Amino acid sequence: MAYGWEGEKVRLVPLDKERHAANIHAWMNDPDLTETVLSGDVPLTRAAEDEFIDKAGGQPGAHPSDIIFAVETLAGEHVGVCGLHQINYRHGVAVSGTIIGAAEARGRGLGTDTARVRTRYAFEVLGLRMLISEVFLENAASLKMLGRAGYREVARLPRRYWKRGAFRDVVLMVAEREP
């Protein structure tokens with residue numbers, strides 16, 4: 001039986017060590033994938049990934065500061081992860097992120113659907129009003145995906161992060177709930 005938050009192409013489900021850890025471990029150690037995302041670049045052991053999943057799933061209570069989902073196709077194939085981070089309920093704001101890790105899953109609209117479902121969850125379930133994402137300027141695919149999912153560019157921050165031998169610019173993207 002399917003469970004989770006469902007879109008047209010994907011379902012966001014709780015992280016499960018048995019079902020998701022091996023894929024996430026491989027993706028976060030893939031230099032081609034991590035070149036375009038803010039995280040990565042530190043070798044990640046399987047034990048560290050397991051600990052991360054245990055922590056992500058172990059925040060019971062009404063107001064967790066981070067909510068992380070596994071992204072699965074409607075057929076149940078694990079293709080990525082997404083999350084809401086630094087959730088501030090008082091101000092109604094969170095930082096959002098998406099990684100479609102499976103190379104064969106990219107370019108099929110799964111990221112856009114993921115961002116739409118995550119946004120709907122943030123606004124309708126958590127009652128947030130704004131999601132913020134930072135994307136490397138050269139990550140055209142993510143910028144396009146966020147734009148299709150209702151985010152808009154609000155700023156560019158020069159030399160924001162050190163990544164692979166150079167400071168890199170980021171684009172600040174925001175999705176806002178309709179008043």
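I looked up the lining of the largest pocket in this predicted model: 34 residues line the pocket, and Ser39, His85, Gly97, Thr98 and Ile99 lie nearest its centre. A pocket here is an open set of points on a 1 Å grid over the protein atoms alone, where a 1.4 Å probe fits, with protein on both sides within 12 Å along at least five of seven lines; lining residues have an atom within 4 Å of a point.

I noted a volume of about 790 Å³ for the largest pocket, volume being the space filled by probe spheres set on the points. I sorted its lining by class and found 18 nonpolar, 12 polar (Gly among them) and 4 charged (Asp, Glu, Lys, Arg) residues.

I then turned to the second largest pocket, at about 420 Å³. Its lining has 21 residues, with Ile100, Arg106, Gly107, Ala141 and Ser142 closest to the centre. Helix H5 gives the largest share of that lining, 5 residues; helices are DSSP runs (H or I) of at least four residues, and strands (E) of at least two.

Last, I checked arginine 11, which I placed in strand E2 (residues 10-14). Arginine 11 counts as buried because its relative accessibility is 8%, the limit being under 20% with a 1.4 Å probe, protein chains only. I found a polar atom of its side chain 3.5 Å from the backbone oxygen of leucine 74.

I recorded that local features need pLDDT of at least 70 and side-chain atom pairs pLDDT 80 or more, while totals for chains, interfaces and linings use all residues. Numbering runs from 1 along each chain as its sequence is written, and side-chain values use heavy atoms, without hydrogens and water.

Key
Buried means under 20% relative accessible area, exposed over 50%, partly exposed in between (1.4 Å probe, protein chains only). A polar contact is a pair of N or O atoms within 3.5 Å; within protein, one must be able to donate a hydrogen and the other to accept it, and residues adjacent in sequence count only if both atoms are side-chain atoms.
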